[in-house]
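Hi,

Here is the structure I promised to pass on.

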2 protein chains.
Amino acid sequence: MPYVPSPLIPSATADHNFSTANLPYGVFSTSSNPTPRIGVALGDYVLDLTSCVDLLTQSVEGLTAEDVTSKDLNCLMGRESKVWKGLRRKVFELVTGESGLTMDNFVSLDSVTMHLPAKIGDYTDFYSSREHATNVGTMFRGIDNALQPNWLHLPVGYHGRASSVYLDGCDVVRPQGQLQKNKDDPKEGSVFGPSKLLDFELEMAFFVGGPANPPGTPITMAEAEDRIFGLVVMNDWSSRDVQKWEYVPLGPFCAKNWATSISPWVVSLEALEPFRAPTSAGSQKDPEPLEYIRDPTYSSYDIALEVTIQGENMSKPEVVSKSNFKNLYWNVKQQLVHHSVTGCNMSPGDLLGSGTISGTPQDSFGSMLELCWKGTREVPLGTSGEVRKFLKDGDTVSMSGVCKKEGVGCVGFGAVTNKIYPAGTKLKAGGANGVWKAA
Amino acid sequence: MPYVPSPLIPSATADHNFSTANLPYGVFSTSSNPTPRIGVALGDYVLDLTSCVDLLTQSVEGLTAEDVTSKDLNCLMGRESKVWKGLRRKVFELVTGESGLTMDNFVSLDSVTMHLPAKIGDYTDFYSSREHATNVGTMFRGIDNALQPNWLHLPVGYHGRASSVYLDGCDVVRPQGQLQKNKDDPKEGSVFGPSKLLDFELEMAFFVGGPANPPGTPITMAEAEDRIFGLVVMNDWSSRDVQKWEYVPLGPFCAKNWATSISPWVVSLEALEPFRAPTSAGSQKDPEPLEYIRDPTYSSYDIALEVTIQGENMSKPEVVSKSNFKNLYWNVKQQLVHHSVTGCNMSPGDLLGSGTISGTPQDSFGSMLELCWKGTREVPLGTSGEVRKFLKDGDTVSMSGVCKKEGVGCVGFGAVTNKIYPAGTKLKAGGANGVWKAA
């Protein structure tokens, strides 16, 4: 469904993040109605699905009122893919035709407070950019041993912390923890203190959809697309010094459990389909993956990604990285299938992160660790005169993603933007969405 | 509150798992009333808390009807510790005195179906037995480098998969996955197949209680006991060959995400208090932990643990390991505080596993990996004539825990028992509790 103008919402132009080619799902509330509810972003407006429940349930097979009127997307996500796909098609039809919808069915995007789109049951993070894994491996083990022997055979991943996945807009507090006392000799033990090597990781993540597979029954490649509800942009906040000391032998733990943040609108695979693109990460022929994760249509999506930093004394955000989702070596289907290969039950609302998305050029690296090459070079922040190695208190980090293509219309994700506060800052849950803010 | 006879329930003798010194919480249903509800085990009966809501809410400060009548323990767990402690004291008073309770408030333990005690938000697993970490380290890196440099400084842990934490009684299916083709040379890549090195891990786990700490605000040692609702016995099912190939550098993932199983009754720290004991794992003076995880009353609990295996052709279960919870080097308070040190928000219903609990003698090792010493020796199953290295299809593995002490009464956990089915077996959610069973 490429872009078509919407008679009701002229602001949904072809080059708007939320053109009619997008129609992402989100959960919002308004000051006049603080109940969180499901909406679809369109131009400068949000279509309130609770305002047209009957219209939708009457015409979308399998769709129930509960799917549309819940306070989060979990119920809808748990339906078979034909239900969420059918709902999106119906919304497209309604907003591009003579539909019976009026402006009463919409609220202004300016006026909404966004909420986490779903209750996240489990959160997993992968490590699927070859360039990122090679950069990190080169820094820590030298170029000859940069990629571990398993890396080209499976999408390396680890389980993360679901409770600390926060929404765009939340403030984050610099973590404290155990840091290796002597950076060159772990045998000297550790000291306590605020993390000095605070970092972002530019990622995307997808929400699992569809009824959960029973324990013991893996998801196949043929089934995978029907189990992917949609994608968001994600910042996997990381503390490099905490991680360095703690991560052997069981992986990152406290270095990553204090915050992960996501953009609020969930973009479907159908909206991304026109942007399907070969990956920039090779053909996967050398080696060819084992059959269970071999993808006959091996490809990814051309989603332009950008990271900006704005320090407290800067007048505007400055771009520090430009990457692309197609840089991933392992695609979303392969990630999901591998996750479940041992029989792991994947539930609607689970969130699976891509891992840091780095490309080949230096300015496409998706973390400060890579951009400053482990602290050996300064990263200029545009023309502000400021430089960074790792992140400072007061920095606001913003990540965004967008797909554009002639004749298709724009499919944008919007942004995930968060500000860093000093260690020890107390946060309070505020606003209609309970987002944590410095007091 | 040491053991006192219960006039109503004479079966709750001093040496019963569920003596009046215990009073564990669980969630149960009956065939006549399939709604899951909260109960307290006592002798051969279960006190149905929904049958005496008014009595309880009138006399326990801060306790609400919702805490007692919910379908899981999350609501009660989320109250301040004085509420759950007060409720347990009130139940003790009711069942040991002239209370106004009658047999109408109880159902027979024989007649109940148990349910998962809580919705588990996040599941974390530690690695806190020095003997276990030393055994594994010795096998894979040699005795001189057995413990990693960080191990004596912090409770090493990793995030696990919450969706696959199952209840006692569920069947488990042997996982399939990627296995290293040549065990001595990872560069040869991998093959697909059923795990050949299937293992249990003898663990205990605790449920987090109390209102969640805000992001950025760690839990202190002084607060820790008030954030621990109670403990269960846990089997952290593991696939050693999947783990060997996948775990570098981000830790165990598919090797552990297919099943973890727990016993159904949650035993409180108050019930365990009379069994507080020095750990068998040293004084923690060399090195002394950093201040934030230094425990002035460093100790654990004397909980005798046992693992049995019954093969399909065996007439009864045979003991393969006898260990003890006091073997842990890092205690539950230290685990919780370290988990949150970076500001991770810990929520009621989170489950934190201890890691495999091994002692010094060979017969106290808590996994087949250690018992068969990486496949180099056969483990006899009692007098059955059978031997094992790793687990076979058809094996039933059972773990139990119990505290006994003269003059205190017995505090038992009961057991977590599960049978292994061959790779590819289809499971169905069955019974009132939806436990997964081979079709």
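**A helix in chain A**

Helix 4 of chain A runs over residues 81–96, 16 residues in all, and reaches 22 Å from its first C-alpha to its last, close to the 22 Å expected at 1.5 Å a residue. Before you read on, keep in mind that this is a predicted model. Of the 16 residues in helix 4 of chain A, 13 are buried, so the helix is largely enclosed by the rest of the structure.

**A:Thr20**

You'll find A:Thr20 in the segment before strand 1 (25–30) of chain A. Is this residue buried or exposed? A:Thr20 has 0% relative accessibility, so it counts as buried. Beyond its neighbours within four places in sequence, A:Thr20 is in contact with A:Tyr3, A:Val4, A:Ser6, A:Leu42, A:Phe92, A:Val95 and A:Thr96.

**Where the chains meet**

On to the interface: 64 residues of chain B are in contact with 64 residues of chain A. About 5800 Å² is buried between the two chains, and carbon and sulfur atoms give 60% of that. On the chain B side, B:His159, B:Leu250 and B:Phe253 lose the most area to chain A, together 14% of what that side buries.

A:Asp122 forms a salt bridge with B:Arg161, with the closest N and O atoms 3.5 Å apart. There are also 28 residue pairs in polar contact between chain B and chain A. Several elements of chain B give two or more residues to the side touching chain A, among them strand 6 (123–126), strand 11 (190–194) and helix 9 (332–340). Sorted by class, that side of chain B has 33 nonpolar, 25 polar and 6 charged residues.

**B:Asn327**

B:Asn327 sits in the loop between strand 20 (318–324) and helix 9 of chain B. Its relative accessibility is 9%, so B:Asn327 counts as buried. The side chains of B:Asn327 and B:Ser323 are joined by a polar contact of 3.1 Å. Setting aside neighbours within four places in sequence, B:Asn327 has contacts that include B:Ser129, B:Glu131, B:Ser280 and B:Gly359. The C-alpha atom of B:Asn235, 92 residues away along the chain, is separated from that of B:Asn327 by 17 Å.

Cheers

Terms used
Residues are numbered from 1 along each chain as its sequence is written. Chains are lettered from A and ligands numbered from 1 in the order in which they are written. This is a predicted model: local features need pLDDT of at least 70, side-chain atom pairs count only at pLDDT 80 or more; totals for chains, interfaces and linings use all residues. Side-chain values use heavy atoms; hydrogens and water are left out. Contact means heavy atoms within 4.5 Å. Buried area is the accessible area (1.4 Å probe) that two parts lose on being put together, summed over both. A salt bridge is a side-chain nitrogen of Lys or Arg within 4 Å of a carboxyl oxygen of Asp or Glu. A polar contact is a pair of N or O atoms within 3.5 Å; within protein, one must be able to donate a hydrogen and the other to accept it, and residues adjacent in sequence count only if both atoms are side-chain atoms. Helices (H or I, at least four residues) and strands (E, at least two) are DSSP runs, numbered from the N terminus. Ala, Val, Leu, Ile, Met, Phe, Trp, Tyr, Cys and Pro count as nonpolar, Asp, Glu, Lys and Arg as charged, and the others, Gly among them, as polar. The expected span of a helix is 1.5 Å times one less than its number of residues. Buried means under 20% relative accessible area, exposed over 50%, partly exposed in between (1.4 Å probe, protein chains only).
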